[in-house]
Amino acid sequence: MSSKKNKKLTPTQQQYQTFAKAREPKRSVPYNCLKAFIAGGTICTIGQGLQWMFIKYFDFNEVTAGNPTVAVLIIISVLLTGFGVYDHIAQWAGAGTIIPVTGFANTIASASIEHRSEGYVLGVGGNMFKLAGSVIAFGVFSAFVVSIIKITIQGLGGM
């Protein structure tokens, strides 16, 4: 805690903060990084295996195999979230499960599950994009800016 925050606390509150900090479990950063690396690598390996499967058995090429691979990863992530398995994996792996596709699908699915008691329109539909909405908006805006830059560069005779 910063010294500014400690100045606003009463002596009893400062004593409690010291007490709580002493009993907080110590986290091993290298061990947590290793777990995140293993989990993220496993998810990516599964994705690569799916892509190879689409190329070998379904006659896709390397460019077109990406879309069904992402779709299958999203479906797996949503199903694991719905069955409550993804939360256990994320608790163990930490940041390793925040790989963009699966982490994003988990965010939307968990928000949907949490608000389903409020109804499908106002509950699920209204709340599923609260966490992910900013990501979607930023992605759309970034794509717009990049496309404007590309069109400008091409108009000036580049690329």
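Select G96 to start: this residue sits in the loop between helix 5 and helix 6 (100-114), where helices are DSSP runs of H or I with at least four residues, numbered from the N terminus. The model is predicted: local features need pLDDT of at least 70, side-chain atom pairs count only at pLDDT 80 or more, and totals for chains, interfaces and linings use all residues. Residues are numbered from 1 along each chain as its sequence is written, and side-chain values use heavy atoms, without hydrogens and water.

G96 has a relative accessible area of 4% and is therefore buried (under 20%; exposed is over 50%, partly exposed in between, with a 1.4 Å probe and protein chains only). Show its surroundings next: leaving out residues up to four places away in sequence, G96 touches A36, A39, G40 and I43 (contact means heavy atoms within 4.5 Å). For a distance check, pick the C-alpha atoms of G96 and G155, which are 42 Å apart.

Now select helix 4 (residues 66-82) and helix 5 (residues 85-93). Their axes come within 5 Å and cross at roughly 95°; axes are lines fitted to C-alpha atoms, for helices over the stretch in contact, with angles from 0 to 180 degrees between N-to-C directions. Helix 4 and helix 5 are therefore roughly perpendicular (65 to 115 degrees). S77, L80 and T81 of helix 4 meet V85, Y86 and I89 of helix 5.

Last, select C33 and C44. The whole structure has zero disulfides (cysteine sulfur pairs within 2.5 Å). The cysteine sulfur nearest to C33 is that of C44, 16 Å away. C33 is partly exposed at 47% relative accessible area, and C44 is partly exposed at 45%.

Methods
Helix = DSSP H or I, 4+ residues; strand = E, 2+ residues; numbered from the N terminus. Parallel < 35°, antiparallel > 145°, perpendicular 65-115°, else oblique.
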